[in-house]
Amino acid sequence: MKRFFAILTVLVLSLTPMNGCLAEGESALGLLSPQGVSEDELNDNLKDILFNVLPFSGYRFFDTFNSMITALNSGTIAGIETDEYVAGYIFSHLDGFASYTTDALPEYHVGYSMLLREEDTELRDRISGAIADMKADGTLDRLKALYIDDCIAGKEPEAMVPEQIDGAETLVVAVTGDRPPMDYFSADGTPIGFNTALAVEVADRLGMNVQFVSVDSGARAVALASESADVVFWSVLGDFNNWEKASEEDQPENTILTEPYLTGIECYVVREDSSIAAD
Amino acid sequence: MSLSDKLYKILIQGGSWKTILGGLWVTIQISALALVLGTVLGAVICLLRTRKNPVARGIASVYIAILRGTPVLMLLLLLYYGVFARANLNPVTVAVFTFALNVSAHVAELLRSALEAADHGQAEAARTLGFSAWDTFRIITLPQVLRIAKPVYQSTIVNLIQWTSVVGYVTITDLTRVINNTASRTMQPLLTICIGMLIYLALSYIVFGLFALTDKMKKRGGETA
């Protein structure tokens with residue numbers, strides 16, 4: 001009898017989060033923790049949007065995209081804030097999710113940039129220059145089509161293989177594997193995605209070798225400061241007609257950003273079975 | 001998507017099982033090396049801790065107190081991003097060193113408590129009978145210490161394996177990291193994490209099994225002797 005109850009308890013415990021029956025009544029929004037600022041310092045604008053414009057009951061912060069998706073999957077939260085590319089990846093890989101839009105919401109943009117140490121201004125300018133060239137000659141569009149659009153459409157892209165140049169400087173790029181289709185690991189364990197492809201292309205244009213190190217997304221700023229990596233990927237939210245100003249909010253101290261190589265529309269992915277999707 | 005489709009995506013597609021095994025191998029390597037190094041270091045610390053010299057004893061006590069009383073992840077971050085940041089060391093080396101330090105404190109304490117639990121009367125009797133100090137330790141005390149320490153040592157090993165799951169913070173792709181990467185790619189975190197837990201569970205049971213095996217072999221050896 002004892003054994004029967006033990007097995008029953010294990011079954012209940014293991015199945016409860018799986019089918020999302022805890023979801024009822026929970027309608028919080030998942031957000032990625034801002035890395036450079038505390039929750040209290042979040043700007044009032046965001047708080048206003050969260051509490052007055054969006055229909056969510058509250059918000060929860062997550063350190064990694066992965067944990068946020070886990071919470072979304074299990075129904076702990078009703079929706080997440082992300083950008084159009086990640087949302088596309090979610091829609092193409094999971095069933096039961098919808099996009100939430102409201103006219104009351106101002107259109108925000110996410111900008112994808114590279115973050116460097118403050119003293120590396122020269123390297124930053126060279127990278128920004130390479131990005132500008134890539135924008136001009138259509139390379140960025142080609143990479144985006146291959147690594148974002150095709151990937152969302154279900155085609156598994158091939159990872160770009162960096163060329164090794166003898167005697168050249170090495171650009172150490174931190175990847176997190178935590179933001180498909182921008183930055184993730186392919187099934188055979190190689191870093192892949194738009195960000196990595198971009199890093200390979202940039203290094204190639206600068207005549208540098210590229211080396212990827214895998215860093216937890218929460219440890220990106222530390223990795224940069226301790227020189228474990230020269231470049232990390234950083235996304236900033238805001239008004240990209242004036243990107244230098246927009247980036248101030250959650251940028252770690254003693255760092256500089258390159259010009260965004262890609263911008264996307266901020267959007268909300270919600271569970272189809274949640275009260276928010278039903279509205 | 002059916003369960004078998006999900007499992008196929010997580011475990012098979014594109015050779016992802018090889019990546020998972022690769023991560024498992026990194027976990028095993030770090031655990032095994034840290035265990036060997038930590039056990040040796042722990043024995044030395046235990047030796048210091050049980051000296052009559054108050055300085056040696058003090059140093060060992062502080063060492064044990066600090067390492068047992070702080071999270072190993074903090075130590076790992078401190079060593080990798082702080083102390084050895086400019087040393088250009090392989091992250092796996094730093095991780096092995098960190099976990100060896102942590103395990104050594106635990107091993108030192110478990111050896112000390114086993115030493116205290118061993119029957120002192122027997123050792124005294126042996127000395128009276130003319131055994132040298134070393135022979136007394138080797139023949140009388142050590143077998144008792146090993147027997148008493150064994151169950152705790154076994155759980156120290158299993159704990160160590162689980163603690164190593166934080167090495168993803170210092171650019172190492174271990175089993176936990178591979179599981180997280182796979183979860184992100186496939187967007188199936190719950191199932192992937194369950195698979196990861198099963199692998200850790202299997203690893204722990206292999207350790208328990210090995211210890212049970214040595215017990216059995218000893219018993220058999222005892223019967224024939």
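The dialogue below sets values from this predicted model against the definitions behind the terms.

Student: Why is A:Glu201 called buried?

Tutor: A:Glu201 has a relative accessible area of 11%. Buried means under 20%, so A:Glu201 qualifies with its 11%. This residue lies in helix α7 of chain A, which spans residues 194-206. Leaving aside neighbours within four places in sequence, A:Glu201 is in contact with A:Met134, A:Thr139, A:Arg142, A:Leu143 and A:Met160.

Student: What makes the pair A:Arg117 and A:Asp230 a salt bridge?

Tutor: The side chains of A:Arg117 and A:Asp230 meet at 3.1 Å, N to O. The cut-off for a salt bridge is within 4 Å, so the pair counts as one at 3.1 Å.

Student: Why is this pair said to tie together parts that are apart in sequence?

Tutor: A:Arg117 belongs to strand β5 (residues 109-117), while A:Asp230 is in the loop between α8 (220-225) and β10 (231-238), so the pair links parts of chain A that are 113 residues apart in sequence.

Student: Are A:Arg117 and A:Asp230 buried or exposed?

Tutor: A:Arg117 has 8% relative accessibility and therefore counts as buried. A:Asp230 has a relative accessible area of 16%, so A:Asp230 is buried too.

Student: How do you know that A:Glu259 and A:Lys135 meet in a salt bridge?

Tutor: Their side chains are 3.9 Å apart, N to O, and the limit is within 4 Å. A:Glu259 lies in the loop between β11 (255-257) and β12 (262-271) and A:Lys135 in helix α5 (residues 121-136), so this pair joins parts 124 residues apart in sequence.

Student: Why is A:Glu259 called partly exposed?

Tutor: The class covers values between 20% and 50%. A:Glu259 has 32% relative accessibility, so the term applies. A:Lys135, with a relative accessible area of 38%, is partly exposed as well.

Student: What makes A:Asp216 and B:Arg177 a salt bridge?

Tutor: The side chains of A:Asp216 and B:Arg177 meet at 3.8 Å, N to O, which is within 4 Å. The count between chain B and chain A is 1 salt bridge.

Note on methods. Residues are numbered from 1 along each chain as its sequence is written. Chains are lettered from A and ligands numbered from 1 in the order in which they are written. This is a predicted model: local features need pLDDT of at least 70, side-chain atom pairs count only at pLDDT 80 or more; totals for chains, interfaces and linings use all residues. Side-chain values use heavy atoms; hydrogens and water are left out. Helices (H or I, at least four residues) and strands (E, at least two) are DSSP runs, numbered from the N terminus. Buried means under 20% relative accessible area, exposed over 50%, partly exposed in between (1.4 Å probe, protein chains only). Contact means heavy atoms within 4.5 Å.
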